[in-house]
Amino acid sequence: MTIVGSLSAKVPDVILLGAPGAGKGTQAQLLQREYGFAAISTGDLLRDHRARGTTLGQEAESFMQRGELVPDDVIIRMVESELPDKPVLFDGFPRTVAQAQALDALFEARRRPLSIAAYLKLDRARLEERLLGRWTNPRSGRVYHATFDPPKRPGIDDVDGGPLIQREDDRPETIARRLDVFEGQTLPLVAYYEAGNRLILIDAAQSVDAVSKALVAGLGLHQRAR
Ligand code: AP5
């Protein structure tokens with residue numbers, strides 16, 4: 001793990017930055033459970049809007065099916081309406097420089113310290129492998145992997161006993177598009193946060209446990225555990 005820049009022990013909000021399949025959702029669930037963050041996953045929020053058939057969900061649907069980003073104004077409005085007063089762990093947001101600037105402006109307006117970003121870095125071949133093998137519990141968001149973290153019974157969640165699904169955007173052609181979109185539109189955020197001296201770089205090729213430990217150490221969370 002490399003720490004880029006210096007971190008303040010008071011920094012309360014964390015952005016998990018990384019390509020599709022880097023392990024953002026996996027780590028968000030662990031950190032949320034252990035440290036009491038409020039988690040905002042824009043992907044989960046959008047899937048929930050789609051399942052409920054809201055106007056926002058309908059607006060987002062075609063973009064998500066194609067593996068494209070949902071327009072910035074839709075995302076920023078959605079996050080603003082969800083932002084709680086307690087420390088937040090952002091999973092999958094921001095994804096463009098415009099979103100990052102909007103988040104900074106929102107925090108500044110609320111006199112809240114700017115968030116720091118942890119970049120979970122992983123090469124493309126491993127990202128594809130992780131997405132192709134992923135199984136998801138659509139009720140809880142818990143994820144498994146056919147090889148790296150299989151459920152006890154194939155296709156069945158260990159905790160609630162209900163069916164697991166493969167996400168519709170985890171098809172090979174959509175995965176390729178999502179990874180291209182990441183490289184074109186989201187990767188510039190690494191430089192954005194590095195320039196602001198608020199980036200932590202994490203090697204996401206390690207085991208789930210090792211990534212988690214690197215995050216906890218990099219973010220100084222062991223000192224702030226509840
Ligand atoms: P979203 O739901 O955010 O998906 P994503 O960013 O593509 O990320 P994923 O959920 O696919 O991957 P992850 O990094 O969480 O990996 P995971 O932990 O599951 O977004 C979906 C769509 O919504 C976007 O395409 C876009 O259309 C729209 N959208 C969302 N936010 C937006 C925004 N801000 N702006 C515009 N549009 C937006 O892990 C993957 C697999 O690997 C799992 O099977 C897991 O078990 C396994 N795994 C995890 N860690 C490890 C490890 N260390 N070792 C081995 N296996 C591991």
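Helix 6 (residues 124-132) and helix 7 (residues 172-186) pack at an angle of about 135°, with their axes 11 Å apart, where axes are lines fitted to C-alpha atoms, for helices over the stretch in contact, and angles run from 0 to 180 degrees between N-to-C directions. Helix 6 passes helix 7 in a right-handed crossing, that is, with the near helix turned clockwise from the far one by less than a right angle. Helices, of at least four residues (H or I), and strands, of at least two (E), are DSSP runs numbered from the N terminus. Helix 1 packs with helix 9 (residues 208-219) at an angle of about 55°, the axes being 10 Å apart, which makes helix 1 oblique to helix 9; their crossing is right-handed.

The model is a predicted one, in which local features need pLDDT of at least 70 and side-chain atom pairs count only at pLDDT 80 or more, whereas totals for chains, interfaces and linings use all residues. Residues are numbered from 1 along each chain as its sequence is written, and side-chain values use heavy atoms, with hydrogens and water left out.

Around the ligand there are 34 residues, of which T26, E68, R95, R134 and R178 come nearest, a residue being near if one of its heavy atoms lies within 4 Å. These residues divide into 14 nonpolar, eleven polar and nine charged, with Ala, Val, Leu, Ile, Met, Phe, Trp, Tyr, Cys and Pro counted as nonpolar, Asp, Glu, Lys and Arg as charged, and the others, Gly among them, as polar. Polar contacts (pairs of N or O atoms within 3.5 Å) include an oxygen atom of the ligand at 2.6 Å from an N or O atom in the side chain of R95 and an oxygen atom of the ligand at 2.9 Å from an N or O atom in the side chain of K24. A nitrogen atom of the ligand lies 2.9 Å from a polar backbone atom of Q206. The protein covers 96% of the 1,000 Å² of accessible area that the ligand has on its own, as computed by the Shrake-Rupley method with a 1.4 Å probe. Helix 2 gives the largest share of the shell around the ligand, four residues.

In the loop between strand 4 (88-91) and helix 5 (97-109) lies P94, which is joined to F93 by a cis peptide bond with omega of about -10°.

How values were computed. Polar contact = N/O pair within 3.5 Å; in protein donor to acceptor, adjacent residues only side chain to side chain. Parallel < 35°, antiparallel > 145°, perpendicular 65-115°, else oblique.
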